[in-house]
Amino acid sequence: MERQRALELVRQQMHEKRYIHTLGVVEAAIALAKRYGADEKKAELAAIFHDYAKCRPIAEMEEIIKREGMAAELLEHNKELWHAPVGAYLAETEAGIRDPEVLQAILYHTSGHAGMSLLDKIIYVADYIEPGRSFPGVEEVRELAEQSLNQALLQALKNTIRFLLERNQTVYPDTFHAYNAVLKEEQQNG
Ligand code: DGI
Ligand code: FE
Ligand code: FE
């Protein structure tokens, strides 16, 4: 799908602020794809659609998770997680995105998971460091992302897990699995 058509579809789904965030993720994802040798078109498309379901009513997301037989465990954790799998589903069924690599990057963009692909990592990190983000720790991850995608991802995962722990919130197991897997990758790389 061409960029303009994709952006129009996504713009209709969200508030202005969320759309501006999306444009920031697109910019960051293309830059990371260039730096780390990923397919720029796939990175662009996954970034455009990554928050496609973010503004859907909670009840609709819950209904889709149940109806489509998605991981039931999602329902026991933070509702913030739901828009990622629901977004992958709606990007395919409503917007006609078919590329499994792109859909996977959307699916895991909030939680992460064990064995993240290059594209999954790029979308996770781009979502974290896009130019509109200004929370504590973001600058450190931006700097790491210039040198090492895995180090940036690891720091972003650690910050997110720490953020959840400090607020007495549960951590979805896939987030721990992502952290463990990237840590091991980095230890093996010396
Ligand atoms: O949709 P965005 O706001 O652009 O960003 P996102 O999809 O990464 O959502 C991030 C939010 O999800 C962040 O505030 C933390 C929250 N969250 C809640 N539970 C979990 C979680 N994030 C992860 N990685 N794992 C969780 O268990
Ligand atoms: Fe998101
Ligand atoms: Fe996002």
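1. An oxygen atom of ligand 1 lies 3.2 Å from an N or O atom in the side chain of D127, a polar contact being a pair of N or O atoms within 3.5 Å. R133 has a side-chain N or O atom 2.9 Å from an oxygen atom of ligand 1, and for a polar side-chain atom of H109 the distance to a ligand oxygen is 3.0 Å. On its own, ligand 1 has 580 Å² of accessible area (Shrake-Rupley method, 1.4 Å probe), of which the protein covers 86%.

2. This is a predicted model, in which local features need pLDDT of at least 70, side-chain atom pairs count only at pLDDT 80 or more, and totals for chains, interfaces and linings use all residues. Side-chain values use heavy atoms, without hydrogens and water; residues are numbered from 1 along each chain as written, and chains are lettered from A and ligands numbered from 1 in written order.

3. Ligand 1 is surrounded by 19 residues (a heavy atom within 4 Å). The shell comprises five nonpolar, eight polar and six charged residues, Gly counting as polar and Tyr as nonpolar.

4. The iron ion (ligand 3) is coordinated by H21 (NE2), H50 (NE2), D51 (OD) and D127 (OD), at 2.2 to 2.3 Å; donors are N, O and S atoms within 2.8 Å of the metal (3.2 Å for Na, K and Ca). D51 also bridges this ion and the iron ion (ligand 2), the two lying 3.5 Å apart. D51 is in the loop between α3 (40–49) and α4 (58–67) and D127 in helix α7, so the pair ties together parts 76 residues apart in sequence (helices are DSSP runs of H or I, at least four residues, numbered from the N terminus).

Notes
A polar contact is a pair of N or O atoms within 3.5 Å; within protein, one must be able to donate a hydrogen and the other to accept it, and residues adjacent in sequence count only if both atoms are side-chain atoms. Helices (H or I, at least four residues) and strands (E, at least two) are DSSP runs, numbered from the N terminus.
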